[in-house]
Amino acid sequence: MNTEPDDPAALSLTDRWQRFWYLQTVALWLDPIPRRRRKDVLRELKANLGVAAGRGGMSAAISDHGRPRALARQYLDAEPHGRPTWHHGAAAVSVALVAWFFACAIYVFGSLNTLLGAGLAEPVRISFLGLQITTEAHDAYLGATFTGISWGSLIAFALIFVLASRLWRHLPRHQHRRTTAPVSR
């Protein structure tokens with residue numbers, strides 16, 4: 001039987017649980033690092049925690065490594081900068097899309113309620129956030145038809161993606177060297 005410190009059989013359930021949460025927290029803070037490099041760092045950290053736990057327990061090993069955010073910051077400082085964070089852009093656009101759909105739905109429901117209250121039987125064309133909406137409300141029928149493309153919204157979503165993912169990091173950097181003229185006295 002293999003009883004090395006990093007062997008799961010040698011660690012108690014509590015130790016494995018502490019190591020798991022510590023590694024997950026470090027992984028969260030290591031998010032800007034490319035996936036392959038992050039996996040290598042976490043594999044090395046897992047082995048180091050196993051060796052250190054064999055000497056003094058997992059709690060001592062974790063406290064020796066320090067807070068997860070501080071440890072991740074050390075790794076991040078050693079990595080080259082300039083990588084876009086695509087998932088941040090995708091998440092921001094997803095949130096914006098959900099908010100946009102809710103705003104459209106609330107507007108349509110409000111217009112249908114107004115049509116029912118006013119007693120209008122014919123379809124009404126309205127516009128909201130660049131979409132052309134035809135609403136129709138009767139006692140037995142409620143309907144809304146969406147036409148057109150909301151170019152303003154599409155541009156806003158693209159801008160949100162660019163800003164949240166920090167896409168400009170993908171562009172090559174221009175190093176400007178300042179030349180200083182000698183100061184005459």
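The chat below goes through the salt bridges of a predicted model.

Colleague: How many salt bridges turn up in the whole structure?

Modeller: A search of the whole structure finds three salt bridges, each being a side-chain nitrogen of Lys or Arg within 4 Å of a carboxyl oxygen of Asp or Glu. The model is predicted, with local features needing pLDDT of at least 70 and side-chain atom pairs counting only at pLDDT 80 or more, while totals for chains, interfaces and linings use all residues. Residues are numbered from 1 along each chain as its sequence is written, and side-chain values use heavy atoms, with hydrogens and water left out.

Colleague: What does D40 pair with?

Modeller: D40 forms a salt bridge with R43, where the closest N and O atoms are 2.9 Å apart.

Colleague: And where do those two sit?

Modeller: Both are in helix α2 (residues 35–56), and because they are three residues apart there, about one helical turn separates them; helices here are DSSP runs of H or I with at least four residues, strands being runs of E with at least two, numbered from the N terminus.

Colleague: Is R43 buried or exposed?

Modeller: R43 is exposed at 53% relative accessible area, whereas D40 is partly exposed at 36%. Buried means under 20%, exposed over 50% and partly exposed in between, with a 1.4 Å probe and protein chains only.

Colleague: Switching to D31, which residue is its partner?

Modeller: D31 bridges to R38, the closest N and O atoms lying 3.9 Å apart. R38 counts as buried at 17% relative accessibility, and D31 as partly exposed at 24%.

Colleague: Which helix holds D77 and R73?

Modeller: They lie four residues apart in helix α4 (residues 68–78), about one turn, and their salt bridge has its closest N and O atoms 3.8 Å apart.
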